[in-house]
Structure formats: C-alpha cells, structure tokens
Amino acid sequence: MTANRGIHASVQGELDCLCGAYCVVNMLSWLYDGRVKRKPLMNRLLQAYQQRWPLHEWLTEGIDENRLDWLITQVLRKGHYHRQFPVQISKPFDGSRGLVEGRVFSEMRRFLAVTDHSRLIMLSDQFHWSLLVKIDEETLCFFDSNGRTTMPRKAFSLRTGLTRRQLFPDAIYFIEREF
C-alpha cells in the first residue's frame with residue numbers, strides 16, 4: 001500500500017448539505033470565542049428541524065432562508081441559547097427590490113467595520129451558506145465550514161448569471177452579539 005494514492009478525505013459539503021447548520025454553530029462559536037458547545041447545538045438544530053420537516057430534505061437539498069428563519073426562532077431566540085448566547089439578527093435587505101450591489105456591499109462593509117469580533121454576516125449564494133467576517137473593496141473574508149477564507153468581491157452579484165455566485169438579498173443576515 002502506498003502512502004499517497006490520490007484519495008482525499010470527504011469534507012463538509014461533499015456528502016451533505018448542512019452548511020446552514022454549520023453556519024449557525026460557527027456563528028455562535030465566533031461571537032462567543034468558542035464557548036458554545038458545538039455538538040449539542042448541532043444536535044438541537046437537527047432535532048428542531050426534524051420536528052417540522054423530514055431531515056433527509058436538509059441533508060440532501062440544503063435549507064432555504066424561510067426554514068432557516070424558523071430554525072433560528074426555535075433554537076436561538078428561545079430557551080438555553082437565547083439566555084446563554086444572545087444575538088441580534090436582522091435581515092436588512094429582506095423584501096427589498098431594486099437593490100444595487102454597491103449599496104449592499106457598502107452596508108455590509110459598514111456593519112462589519114467594528115473591530116471587536118462582535119458582528120458577522122451570514123449569507124447564501126446558490127451553492128452555500130457562509131459567514132462573512134470582513135469585507136473591503138476587493139475581498140470578502142469568511143469563517144466557513146468548507147475551509148474557504150477569502151474570495152474576490154467581483155465573484156458575487158445580485159443578478160442571475162452575471163457572476164459565478166449569486167447573492168440573495170432575503171438570505172443576508174446581519175448578526176451581532178449582545179453584551
């Protein structure tokens with residue numbers, strides 16, 4: 001047997017579509033300096049989802065912003081996680097029409113301008129949910145379950161087919177830790 005046979009270990013996202021769950025877990029971990037117990041939170045997210053929808057749908061198809069909104073309400077805005085790890089979550093572009101990318105990226109950059117790691121943005125393109133921790137004129141910086149750390153801003157667009165990754169205004173969440 002040879003050491004390098006060209007085989008690599010599977011990573012999150014190759015066999016499942018749970019990036020939305022990883023985003024929620026990583027969000028609290030980032031905002032609360034790793035103090036959240038990740039596995040129990042992941043289990044709570046899966047249990048809550050399964051109370052309303054078949055879990056195999058999430059595993060195979062991912063989660064849309066409507067179901068994620070419901071899950072955030074059930075898990076983060078009630079009970080243990082609300083008491084121990086409170087966060088403010090808003091969707092500043094939800095329902096907005098006629099948005100231009102410059103304004104969206106400008107507002108995202110302004111929101112993340114604080115330097116105390118108390119804010120981040122959760123967003124989705126047509127492939128993946130991610131956590132955005134910093135943005136400048138050219139680069140988006142991520143804390144991401146698939147290992148992605150940066151991507152050029154020009155890779156994203158609000159319009160279909162213009163770039164490889166389409167952002168959805170209804171799936172952009174501004175998240176802030178409560179002190």
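**Exercise 1. Work through the aromatic cluster that ring pairs build from Tyr 49, Trp 53, Trp 58 and Trp 70.**

Start with the pairing rule: rings of Phe, Tyr and Trp (for Trp, the six-membered ring) pair when their centres lie within 6.5 Å, and planes under 30 degrees apart are stacked, over 60 edge-to-face, the rest tilted. One housekeeping note: this is a predicted model, where local features need pLDDT of at least 70 and side-chain atom pairs count only at pLDDT 80 or more, while totals for chains, interfaces and linings use all residues. Numbering starts from 1 along each chain as its sequence is written, and side-chain values use heavy atoms, with hydrogens and water left out.

Step 1: the structure holds ten aromatic pairs. For Trp 53 and Trp 70, the ring centres sit 5.1 Å apart with the planes at 80°, so call that pair edge-to-face.

Step 2: Trp 53 is in the loop between helix H2 (38-52) and helix H3 (55-61), and Trp 70 is in helix H4, so the pair ties together parts 17 residues apart in sequence. Helices (H or I, at least four residues) and strands (E, at least two) are DSSP runs, numbered from the N terminus.

Step 3: Trp 53 comes out buried at 16%, and Trp 70 is buried at 18%.

**Exercise 2. Which geometry does the Phe 93 and Phe 174 pair have, and which parts of the chain does it link?**

Step 1: with 5.9 Å centre to centre and 85° between the planes, the Phe 93 and Phe 174 pair is edge-to-face.

Step 2: Phe 93 lies in the loop between E1 and helix H6 (101-111), Phe 174 in strand E8, and the two are 81 residues apart.

Step 3: Phe 93 is buried, with a relative accessible area of 0%; Phe 174 is buried too, at 8%.

**Exercise 3. What is the strand order of the open six-stranded sheet, and which strands stand at its edges?**

Step 1: the order reads E1-E8-E2-E3-E4-E5, with antiparallel pairing. Two strands pair if DSSP finds at least two bridges between them.

Step 2: strand E1 (87-90) and strand E5 (150-152) are the edges; each has a single partner strand, so one side of each lacks a neighbour in the sheet.

Step 3: zoom in on E3 (residues 129-135) and E4 (residues 139-142), which run antiparallel and are joined by three bridges. Ile 135 has Leu 140 in E4 as its bridge partner.

Methods:
Buried means under 20% relative accessible area, exposed over 50%, partly exposed in between (1.4 Å probe, protein chains only).
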